[in-house]
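Reader: I am new to this structure and would like a close look at one part of it. Please take the aromatic pairs, and go through them step by step.

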Amino acid sequence: MSNTFKTGDMVRCTLEGLSCDGKFISSQNGMATIKLASGYNIGIPEENLVKTGTSELPERKATEIVQNTRLPKISIISTGGTIASKKDYRTGAVTSQFQAADILDAIPGLASLAQFRAVQVSNILSENMKPGIWKLLARAIHDEIKEGAQGILVTHGTDTMAYSAAAISLMLKTPVPVVFVGSQRSADRPSSDNIMNGLCAAKTALSDLGEVVVVMHGTTNDDVCAIHRGTKVRKMHTSRRDAFQTIGDEIIGSVGYPSLEVSLASHAVKRGTNKLDLRDKLEEKCAIVWYYPGMDPAILSAWNGYRGIVLAGTGLGHVQTDMVATIREMTETGTTFVMVSQCLHGRVCDRVYDTGRDLLSAGVIEGEDMLPEVALVKLMWVLGNSKSREEVRMLMESNLAGEIKRRSSV
């Protein structure tokens with residue numbers, strides 16, 4: 001049999017005495033990419049391949065889905081990511097989908113829950129997310145709610161989803177659920193979480209919730225999704241399906257699977273509590289600086305001209321004494337410093353030790369129990385919407401969207 005490979009050909013791979021079967025995707029500089037039955041891709045020299053057949057699977061076409069106009073309306077707003085991806089069964093590749101019909105086809109069962117409208121604000125890998133896209137996203141969500149959407153799904157890559165959820169939590173007051181959802185594993189893998197996450201997120205968008213949340217696997221099994229407040233959630237693992245965890249608080253609800261029964265905690269904000277309101281100004285010249293032992297104070301000077309800096313300090317919120325003078329100088333020239341803890345759990349208290357008291361006297365604002373990335377997004381929003389230094393301090397010390405819990409559990 002000829003070894004002229006085409007996309008979709010079935011091949012046998014042999015290397016160092018081991019062999020396995022897969023599907024040829026592409027080749028470059030003599031190295032072939034092969035899709036295994038497990039869903040994983042491997043790279044192998046093309047000379048180690050033998051064609052065993054051609055793909056018997058035709059290119060899959062979307063099934064025509066008629067939406068039920070008697071069901072409640074949900075808007076799906078896409079930024080990219082793999083949650084709504086669809087597998088090309090000929091090539092083994094996956095691509096993100098943005099039309100409502102394609103998304104409903106990619107996640108079977110959605111059409112029985114609601115009628116959907118799809119809006120695309122970007123098509124990016126989540127590491128390319130920027131504050132400018134947060135503004136577009138906030139406006140799109142606002143407009144869809146204003147036009148009658150009873151819930152919002154935001155499909156998003158998982159790497160920066162917590163940042164975006166925090167940003168929307170601060171920029172938008174919502175009377176309906178705004179649900180961020182993603183997928184840790186793409187649709188071409190048997191262990192993909194896209195269908196379960198999508199269905200659980202859609203049921204959350206129909207629930208009695210009235211705030212911004214993230215809905216992802218609650219365990220490594222396919223039994224429950226957790227509902228996390230958008231300002232208290234963090235991605236805590238690179239690849240586990242239950243990577244997202246609520247930090248410093250309890251989850252605000254859960255969705256059983258496959259029952260899709262939604263249970264909300266008493267501290268969840270309920271539907272209709274807030275009136276729709278958009279405040280989307282952000283000061284983008286803000287940064288996080290992660291302190292480490294022996295850090296040169298001159299590093300801070302590299303951020304001269306920035307309006308805000310979140311310092312991720314040690315323990316209760318400390319940096320070395322040698323940095324205090326630089327912090328004081330930058331504060332006097334207009335930079336706002338907010339201190340959070342690298343510990344993640346617990347809260348900042350700079351009144352216990354001498355260094356902490358020196359930081360407070362230099363003008364540093366305590367970030368309470370805010371997560372570092374949430375403090376950064378909040379500082380962007382506060383600086384973009386405040387008229388005085390006093391107002392900046394007051395807002396940073398206030399609980400605006402559940403980002404600060406006044407009592408920390410031990």
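Is Tyr306 buried, partly exposed or exposed, and what is its relative accessible area?

Author: This is a predicted model. Tyr306 has a relative accessible area of 25% and is partly exposed, because buried would require under 20% and exposed over 50%.

Phe5 belongs to the segment before strand E1 (10-15), while Phe24 sits in strand E2 (residues 18-28), so the pair ties together parts that lie 19 residues apart in sequence. Phe5 is buried, at 12% relative accessibility. Phe24 is buried as well, with a relative accessible area of 5%.

Tyr306 itself pairs with Trp303, and this aromatic pair is edge-to-face, with 5.2 Å from centre to centre and 85° between the planes. Edge-to-face applies to planes over 60 degrees apart. Trp303, at 24% relative accessibility, counts as partly exposed, and Tyr306, at 25%, is also partly exposed.

The largest cavity has about 50 Å³ of space. Its lining includes Ser341, His345, Arg347, Glu368 and Pro372, and the lining residues divide into 5 nonpolar, 3 polar and 3 charged.

Terms used: Residues numbered from 1 in each chain as written. Predicted model: local features only at pLDDT ≥ 70, side-chain atom pairs only at ≥ 80, totals over all residues. Heavy atoms only, no water. 1 Å grid on protein atoms, 1.4 Å probe; cavity = no way out; pocket = protein on both sides within 12 Å on 5 of 7 lines; lining within 4 Å. Points joined across faces, edges and corners; volume = space filled by probe spheres on them. Nonpolar A, V, L, I, M, F, W, Y, C, P; charged D, E, K, R; others polar. Helix = DSSP H or I, 4+ residues; strand = E, 2+ residues; numbered from the N terminus. Buried < 20%, exposed > 50% of the residue type's maximum accessible area, 1.4 Å probe, protein only. Phe/Tyr/Trp six-rings, centres within 6.5 Å; stacked < 30°, edge-to-face > 60°.
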